[in-house]
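Hello,

Here is the structure I said I would pass on. Please have it open while you read the notes below.

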Amino acid sequence: MANAPINPAPESRKKLEPNVFELERMKKKLRERRRGNPPVTRVAPLNITSFLDMSFCLLMFLILASGGAGAKEGVLASNLTKLGGGSTGSPLEAAKVNTTINLVVSARDDDKFTIEVEILGENFTSFESLYAALAKNRLDPDKGTGRFDDESPVIIRPRGDVPWQGVMSAFNAAIRARYKNVGFAKVDG
Amino acid sequence: MSRSKKVALPRPELNLTAMMDLVLNLITFFVLVANFAAASLPALAPPHPDKSLAKAETIPDRLTVSVMADEKLKGFAGKMKVGITEVGKGDIGGMIHVLEKEVKISAAVAVCVRADKSIRYSDLEPIMSAVAGTGVQTIHLVAIADEKK
């Protein structure tokens, strides 16, 4: 009993007493105010990690979504307007010096076509064989082979019922064979 | 008696404001671009020639004329789209009007004709003639490009 405190503080009073650190902080604040220093304002930190994660995911998605839409499509470079607006069968200026190669395309079925090369007097049932014939007949000054200059006008003359697939395949075969003036004629019938 | 004084080191902080600005701007840009791209390219099946020479090029001043197949009549042309402007079936006059406006804005505009592979040539030829008649300098034809080997 001799070691027991004479007047122990009750539990409720202990809780009310500010601790040493809090007192120090309050004293410091008072000193700063007396000196004229403005009190330091504290800003609560904002955790934006998840927001950034989401933003980057969204960004990635949109990049992929916007780029993937027409990825497989491409353009076939052409000189249609130069040759006469895609509607003429007479590129007159060129015809004076070169021979016109007419490709008459007709459809046997939705995906089967016959291509007649008038100047050669030959019919082809595949665009691969058309390409081979056109390439073979293109003039090659180095080898001394072929008949037609690469500036010779190639006019694609599809029948009216030929699907666009057949027309474009003939066009592709002609530019694959490295002819430079390829155009389209008006509908023959 | 030596007194050791603890020096509080400055805590490094990363200022994310500029990055967040940029990210949000990029998101806005891609949202808009994605919408315009989808709006100007309606769903259709362009032709796919064997050993296609079509190249997925970026043409700077490009205007796409899309010709869709008719939903009911097989082989016939349906609605058209010039850029983001929708033009009714067979309305070649409407298409010319839109194209002429574009040519006035930029004379060097390149027109890409993008048509469904099933459409008959008799339906497409008048459209191509009309495009050429508007004074467009360059016309390209859209096809499916072969995948790189």
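Predicted model: local features only at pLDDT ≥ 70, side-chain atom pairs only at ≥ 80, totals over all residues.

Start with Lys51(B), which has a relative accessibility of 48% and therefore counts as partly exposed. The cut-off for exposed is over 50%, and partly exposed covers the range from there down to the buried limit of 20%. Lys51(B) sits in the loop between α1 (17-40) and β1 (62-69) of chain B.

Arg178(A) is not a glycine, yet its phi is positive, at about 70°. Arg178(A) is found in the loop between α7 and β6 of chain A. Its relative accessibility is 58%, so Arg178(A) counts as exposed.

Chain A contains 7 helices and 6 strands. Along the sequence, their order is α-α-α-β-α-α-β-β-β-α-β-α-β. Chain A has 189 residues, and 36% of them count as buried.

Chain B has 3 helices and 5 strands. From the N terminus on, these come in the order α-β-β-β-α-β-α-β. Of the 149 residues in chain B, 41% are buried.

Now to the aromatic rings. How many aromatic pairs does a search of the whole structure find? Over all chains, the search gives 4. One of them joins Phe171(A) and Phe184(A): the ring centres are 5.3 Å apart and the planes are at 25°, so this pair is stacked. The cut-off behind that word is an angle under 30 degrees. The two residues come from distant parts of the chain, with Phe171(A) in helix α7 (residues 164-176) and Phe184(A) in strand β6 (residues 181-184), 13 residues apart. Are Phe171(A) and Phe184(A) buried or exposed? Both of them are buried.

Phe184(A) also pairs with Tyr121(B). Here the centres are 6.4 Å apart and the planes are at 35°, so the pair is tilted. This pair crosses between chains, running from strand β6 of chain A, where Phe184(A) lies, to helix α3 (residues 121-133) of chain B, where Tyr121(B) lies. Phe184(A) has a relative accessibility of 0% and therefore counts as buried. The value for Tyr121(B) is 0%, so Tyr121(B) counts as buried too.

These rings belong to one aromatic cluster, made up of Trp164(A), Phe171(A), Phe184(A) and Tyr121(B).

Which residues form a positive surface patch? They are Lys27(A), Lys28(A), Arg31(A), Arg34(A) and Arg35(A). Arg31(A), one of these, is in helix α2 (residues 20-35) of chain A. With a relative accessible area of 39%, Arg31(A) is partly exposed.

Regards

Key: Residues numbered from 1 in each chain as written. Chains lettered and ligands numbered in written order. Heavy atoms only, no water. Patch = residues over 30% accessible without salt bridge, like charges linked within 9 Å, V, L, I, M, F, W, Y side chains within 5 Å. Areas by Shrake-Rupley, 256 points an atom, 1.4 Å probe, with all protein chains shown as cover. Salt bridge = Lys/Arg side-chain N within 4 Å of Asp/Glu carboxyl O. Lys, Arg positive; Asp, Glu negative; His and termini not counted. Charge placed at Lys NZ, Arg CZ, Asp CG, Glu CD. Helix = DSSP H or I, 4+ residues; strand = E, 2+ residues; numbered from the N terminus. Buried < 20%, exposed > 50% of the residue type's maximum accessible area, 1.4 Å probe, protein only. Phe/Tyr/Trp six-rings, centres within 6.5 Å; stacked < 30°, edge-to-face > 60°.
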